[in-house]
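Open the model in your viewer and keep the selection tool at hand. This tour goes stop by stop.

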Amino acid sequence: MINLNEKKTEALNHIIYYEWYLDIRAGGPTGYLANLLDGLNQIDNNENPMIFFDIQEKTPVMPDPEIRGIRKYIHNFFYSEEHLKSFFINNISRHKKKVYEDYLAFLQNYNEMYCNKKLFQNINSENTRTIHVHTVGDAVKVKNTLNHLHINHIKLMLTCHTPEASSREYYKSALEDGYDERHARQIGKLWETVEKKAFNNADILIFPSKEAMEPLQETMDGFNDISRKKDIRFIETGAKKLCSSLTKEEAKKKYGVSGKFVIGYVGRHNEIKGYDILKEAAQKVLFQNENTCFLIGGKQGNTYSPLQHERWIEAGWTNPADLFMAIDVFVLPNRMTYFDLVLLEVMSAGIPVIASATGGNKSVQNMTDALILYQNTAVDLAEKIMEFSQLSDTNRKTISQKVLSSYEQFYTTKIFAEKYKNLINNIYNDYKFF
């Protein structure tokens, strides 16, 4: 794969710019770009324009140094209960107050946000015609940097990966981190200004599908007016195939679900992902069928407690390939969704999927007819789970084969990369960059 440092002046350049690290098993831009890079490494990239993908300085932030002495005792006391933690963060901790004040100062000075110098200096701006960013923060940084350098011939492309407006995500994240409503709301309001600037500055908006635009249409104030003035393009996402070394029997034994019909879920335990809808549906299913159980992956978080039932199993952070091998049907209960990578990963394992009829879930169903969609209520979800659990093994196997073949036909990383390369070529042709 070509790195930004390997400059070739004979071709025009398309730059993928992302300041954070890559993780092929993560969600959002971190996972999206890791999967795209995996696909680009499988195809020829010696054409004009050349796709440059910088992979430098992208490592996870190291955890804070270990707390010692009396500070450790105080920290552990206040973090022992959620209400004490919140009180500590908002009223006592000087460190948290400093972090909050620095955060606000960063957001308030959005016109002074600039790119990482070590990354941006590798870009051959003379040959570059497009830069593709994947967060609203990066969009503002890139535009500010281009303006500062008096570069006006580069088109800015923006893909926003959130299942709702970025400002809402940051607001909810602040609450999850223990900030009170007032502090969290202030963070959210400042991010609203940043995200509007990002979308206004972007020349081209990239989405996986029309349905993937729904979260922003419903949650970002002014998005519809902004988007009407923009060049909008679509390209379906892809994901690397998940493989487990375990057999189904071994996987079920690993998670303590042998002999059960297993309904699986992996993801954040919050409202937008529909964790509470899943819990409500599970109560109905577990009551009606004693042979069922729910196997749940992902961090519990502070918003919702797990369902108190012996057949509701929280596996926490675990190897998703092994967990998928243990389940008989996967549930994707998002209230709203963009274009969930976990859906494609589940499909790569040939696991049948029951998904909410929203966003990218509808896009995949329209293309493949391989999913089971429910109408976004816990009652309908429970009914769909029960109906599937009563199918014969032959019918379940047929559905599983259709899911796998759909993934192989539409959603591998190689197919993803080929579509991305075609997208960039089309843009360069349309804008007459050649």
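Select Ile424 and show its neighbours. Leaving aside residues up to four places away in sequence, Ile424 touches His14, Pro49 and Met157. This is a predicted model, so read each stop as a prediction. Ile424 sits in helix H18, residues 413-430. Is Ile424 buried or exposed? Its relative accessible area is 1%, and buried means under 20%, so Ile424 counts as buried. Thr130 and Ile424 are 294 residues apart in sequence, yet their C-alpha atoms are 8.8 Å apart in space.

**Zoom out**

Show the whole chain as a cartoon. The chain has 18 helices and 12 strands. Its C-alpha atoms fill a box of roughly 65 × 55 × 40 Å along the principal axes. A compact globule of 434 residues would have a radius of gyration near 22 Å; the chain has 23 Å, which agrees. Colour by burial next: 53% of the 434 residues count as buried. Then look at contacts between residues at least 6 apart in sequence: 75% of these join residues at least 24 apart.

**The sheet**

Select strands S7 to S12. What is the strand order in this open sheet? Reading across, the order is S9-S8-S7-S10-S11-S12, 6 strands with parallel pairing. Strands S9 (312-316) and S12 (372-374) stand at the edges. Each has a single partner strand, so one side of each is left without a neighbour in the sheet. Look along the sheet for the twist, which averages 25° from one strand to the next.

**Strand S10**

Select residues 329-332, which form strand S10. Side chains in a regular strand alternate between the two faces of the sheet.

Now check the neighbours of S10. Pick Gly264: its bridge partner in S10 is Phe330. Strand S11 (residues 353-356) also runs parallel to S10, joined by 3 bridges. Here Val331 stands opposite Ile354 in S11.

How do you get from S10 to S11? Follow the path through helix H14, residues 341-348. S10, H14 and S11 make a right-handed β-α-β unit.

**Helices on the sheet**

Select helix H12, residues 275-288. H12 lies across S7, S8 (292-297), S9, S10 and S12, running at about 160° to S8. Next, select helix H16, residues 378-389. H16 packs on the sheet and touches S7, S8, S10, S11 and S12. The direction of H16 makes about 150° with that of S12.

**Last stop: helix H6**

Select residues 136-148, helix H6. At 1.5 Å a residue, the 13 residues of H6 should span 18 Å; the end C-alpha atoms are 18 Å apart, which agrees.

How many of the 13 residues of H6 are buried? The count is 11, which leaves H6 mostly covered. Among the buried residues are Val136, Asp138, Lys141, Lys143 and Leu146. Step past the end of H6 to His150, which has a positive phi, near 60°.

Note on methods:
Residues are numbered from 1 along each chain as its sequence is written. This is a predicted model: local features need pLDDT of at least 70, side-chain atom pairs count only at pLDDT 80 or more; totals for chains, interfaces and linings use all residues. Side-chain values use heavy atoms; hydrogens and water are left out. Buried means under 20% relative accessible area, exposed over 50%, partly exposed in between (1.4 Å probe, protein chains only). Helices (H or I, at least four residues) and strands (E, at least two) are DSSP runs, numbered from the N terminus. Two strands pair if DSSP finds at least two bridges between them. A crossover is right-handed if, with the strands pointing away from the viewer, the path from the first strand over the helix to the second runs clockwise. Axes are lines fitted to C-alpha atoms, for helices over the stretch in contact, and angles run from 0 to 180 degrees between N-to-C directions. Contact means heavy atoms within 4.5 Å. The expected span of a helix is 1.5 Å times one less than its number of residues. The radius of gyration is taken over C-alpha atoms; the globule rule is 2.2 Å times the number of residues to the power 0.38.
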